[in-house]
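Please consider the model displayed here. A structural discussion in questions and answers is requested.

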Amino acid sequence: MSLKGFHIVFITVSVLLTLGFSWWCLSIPESGREPVVTWMGYGSAAGCVALLVYGIWFVRKARSIIV
């Protein structure tokens, strides 16, 4: 696997992990959830969006890289 391919797989796994962590934090019932857990869930969701944007940017840029 090339470095470019590994990077794409790594970003994909990172997106899935941040999405799962965000879902896990925000799926805790409101009555038993600490405020810091809510903020971690929102921060993780923002990180997921940022990783998605970066992943799309990287795939577009990687098309022009000659292997």
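Predicted model: local features only at pLDDT ≥ 70, side-chain atom pairs only at ≥ 80, totals over all residues.

Reader: How many helices and strands does the protein chain have?
Author: Helices (H or I, at least four residues) and strands (E, at least two) are DSSP runs, numbered from the N terminus. By that assignment, the protein chain has two helices and zero strands.

Reader: What radius of gyration does the protein chain have, beside that of a compact globule of 67 residues?
Author: The radius is taken over C-alpha atoms, and the globule rule is 2.2 Å times the number of residues to the power 0.38. The C-alpha atoms fill a box of roughly 55 × 20 × 15 Å along the principal axes. A compact globule of 67 residues would have a value near 11 Å, whereas the protein chain has 15 Å.

Reader: What share of the contacts with a separation of 6 or more joins residues 24 or more positions apart?
Author: Contact means heavy atoms within 4.5 Å. Of the contacts in the protein chain with a separation of 6 or more, the share from residues 24 or more positions apart is 56%.

Reader: What distance separates the end C-alpha atoms of helix α2?
Author: Helix α2 covers residues 35-62, which is 28 residues. The expected span is 1.5 Å times one less than the number of residues, so helix α2 should span 40 Å. The value in the model agrees, at 40 Å.

Reader: Which helix is included in what covers the buried residues of α2?
Author: Buried means under 20% relative accessible area, exposed over 50%, and partly exposed in between (1.4 Å probe, protein chains only). The buried residues of α2 are V37, T38, G41, S44, C48, G55, F58 and A62. What covers these residues includes α1.

Reader: Is T38 buried or exposed, and which residues beyond four places in sequence does T38 contact?
Author: T38 is found in helix α2. Its relative accessibility is 16%, so T38 counts as buried. Leaving aside neighbours within four places in sequence, T38 is in contact with L26 and R33.

Reader: What accessible area do the residues of the nonpolar patch have together?
Author: Patches are made of residues with over 30% relative accessible area and no salt bridge, with like charges joined within 9 Å and nonpolar side chains (Val, Leu, Ile, Met, Phe, Trp, Tyr) within 5 Å. M1, in the segment before α1 (3-26), is exposed at 80%, and L3, in helix α1, is exposed at 71%. Areas come from the Shrake-Rupley method with a 1.4 Å probe; for residues, only the protein chains shown count as cover. With F6, V9, F10, V13 and L17, M1 and L3 form a patch of about 810 Å².

Reader: How far apart in space are R63 and K4?
Author: R63 lies in the segment after α2 and is exposed, with a relative accessible area of 69%. R63 and K4 are 59 residues apart in sequence, and their C-alpha atoms are separated by 9.8 Å.

Note on methods
Residues numbered from 1 in each chain as written. Heavy atoms only, no water. Salt bridge = Lys/Arg side-chain N within 4 Å of Asp/Glu carboxyl O.
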